[in-house]
Amino acid sequence: MIIPGSPEMKSQLEVVFDLEISAAMFKETAQQYSCVDRVIPEAEWMKRAPYVHAINKLKKEKDAVILAHNYMTPDIYHGVADIVGDSLQLAIEATRVKESVIIQGGVHFMAETSKILSPEKTVIIPDSRAGCSLAESITAKDIAGMREKYPGAPVVSYVNTTAEVKAASDICCTSSNAVDVINAMDSELVIMTPDGHLAQNVAKQTSKKIVYWEGACEVHIEFKADELREYRKYEPDAVIIAHPECPTDVVDESDFSGSTSGMIDFVRKNKPEKVLLITECSMGSNIADEVPEVNFLGPCNLCPHMQRITLEKILWSLHTGNEEVVVREELAAKARLAVQRMIDLK
Ligand code: SF4
């Protein structure tokens with residue numbers, strides 16, 4: 001079995017596809033490059049262009065669609081993705097696409113969610129090792145333990161969870177709809193899992209009492225309120241936008257907090273001269289060309305799991321059909337209920 005990203009994978013790809021650097025290939029991908037030329041130097045794009053070209057050709061032959069999360073790198077986001085968005089948008093779009101194959105540009109729980117919602121489709125993740133510290137922080141047994149501790153309280157689980165955890169929950173939420181989902185619960189006490197920071201940020205916007213699991217996103221937990229205060233001293237005009245997976249004091253220090261799509265919409269609409277996007281680094285790069293008047297300042301942190309998905313691995317997954325995501329139908333049916341309840345609330 002060839003490991004995605006290994007030298008063997010690369011040499012096999014080179015045998016099958018024309019991956020030579022050439023001016024012709026650069027020309028073929030000029031439209032995609034025009035969306036990333038502020039963040040990817042020409043010399044670098046020369047190397048990526050053959051992959052972009054090969055992927056776009058092959059996905060049509062394979063009847064595949066590429067869904068890409070907002071944290072995918074700009075070459076994927078602008079070069080080969082058919083649909084981009086946050087977890088909620090991708091989950092919904094997965095049910096609407098006509099293609100029979102979904103290539104998930106994102107981490108494993110996202111691919112599982114697509115499979116849960118579209119069981120008749122083939123869902124492929126280019127690197128199944130692309131995990132998530134939140135999804136890995138909790139099991140279905142832990143959910144049962146929370147239910148025992150807080151009898152009768154409904155369980156709202158973030159979509160950043162495994163199929164098993166979704167199946168054990170009453171309803172899912174994303175960072176864009178978490179407050180609405182919590183408010184819709186027919187109980188004053190709500191269990192929220194697995195992100196303790198998201199839960200505490202939501203608790204400030206609802207009258208419900210929230211008890212939560214203490215999971216954390218390893219990317220957003222790294223941001224510190226002190227660091228933002230320092231930035232404010234040197235860049236007093238900068239607008240700070242933080243993801244709600246950040247600790248509460250970081251969110252309190254920000255001017256706006258929202259899901260990845262909420263953050264992008266805020267920048268598109270307000271076009272602040274200077275912005276600190278307190279989230280994964282790829283976000284700023286992905287919208288840099290669209291809003292050239294906005295200056296994206298640091299800091300940002302990379303998600304090592306999202307970074308596992310590369311153009312090379314996407315081409316390999318299209319070529320080989322690996323790795324297909326499988327969710328037992330009995331489990332998928334229960335998990336689907338939790339995800340569908342969330343979608344129906346929209
Ligand atoms: S950014 Fe955080 S929540 Fe998103 S996949 Fe990476 S570890 Fe998980």
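Reader: Which residues lie nearest the centre of the largest cavity, and by how many residues is it lined?

Author: Rolling a probe the size of a water molecule over the atoms shows where empty space is left. On a 1 Å grid over the protein atoms alone, a cavity is a set of points where a 1.4 Å probe fits but cannot get out, a pocket is an open set with protein on both sides within 12 Å along at least five of seven lines, and lining residues have an atom within 4 Å of a point. In this predicted model, the largest cavity is lined by 26 residues, with His 69, Tyr 71, Asn 160, Glu 245 and Met 306 nearest its centre. Its space comes to about 260 Å³, where a volume is the space filled by probe spheres set on grid points joined across faces, edges and corners. The lining of the largest cavity has twelve nonpolar, eleven polar and three charged residues, with Ala, Val, Leu, Ile, Met, Phe, Trp, Tyr, Cys and Pro counted as nonpolar, Asp, Glu, Lys and Arg as charged, and the others, Gly among them, as polar.

Reader: What ground rules apply to the numbering and to the model?

Author: Residues are numbered from 1 along each chain as its sequence is written. The model is predicted, with local features needing pLDDT of at least 70 and side-chain atom pairs counting only at pLDDT 80 or more, while totals for chains, interfaces and linings use all residues, and side-chain values use heavy atoms, with hydrogens and water left out.

Reader: Which elements give two or more residues to the lining of the second largest cavity?

Author: The second largest cavity holds about 70 Å³, and among the residues lining it are Ser 87, Leu 88, Phe 109, Met 110 and Val 159. Helix H6 (87–96) and helix H7 (108–117) are the elements that give two or more residues to this lining, where helices (H or I, at least four residues) and strands (E, at least two) are DSSP runs numbered from the N terminus. By class, this lining has six nonpolar, four polar and no charged residues.

Reader: How many charged residues does the lining of the second largest pocket have?

Author: That lining has seven charged residues, along with four nonpolar and no polar ones, and the pocket has a volume of about 160 Å³. Its lining includes Lys 10, Glu 14, Glu 44, Arg 48, Asp 75 and Glu 312, and H4 supplies the largest share, four residues.

Reader: Is helix H16 mostly covered or mostly exposed?

Author: An α-helix has 3.6 residues a turn, so residues three or four places apart point the same way. Helix H16 (residues 311–320) is mostly covered, seven of its ten residues being buried, that is, under 20% relative accessible area, as against over 50% for exposed and in between for partly exposed (1.4 Å probe, protein chains only). Among the buried residues of H16 are Leu 311, Ile 314 and Trp 316, and the elements that its buried residues pack against include helix H1 (7–16), helix H4 (42–61) and strand S1 (64–69), contact meaning heavy atoms within 4.5 Å.

Reader: What geometry does the aromatic pair of Tyr 33 and Trp 45 have?

Author: Rings of Phe, Tyr and Trp (its six-membered ring) pair if their centres lie within 6.5 Å, and planes under 30 degrees apart count as stacked, over 60 as edge-to-face and the rest as tilted. There are three aromatic pairs. Tyr 33 and Trp 45 form a tilted one, 5.3 Å centre to centre with 35° between the planes, and both residues are buried.
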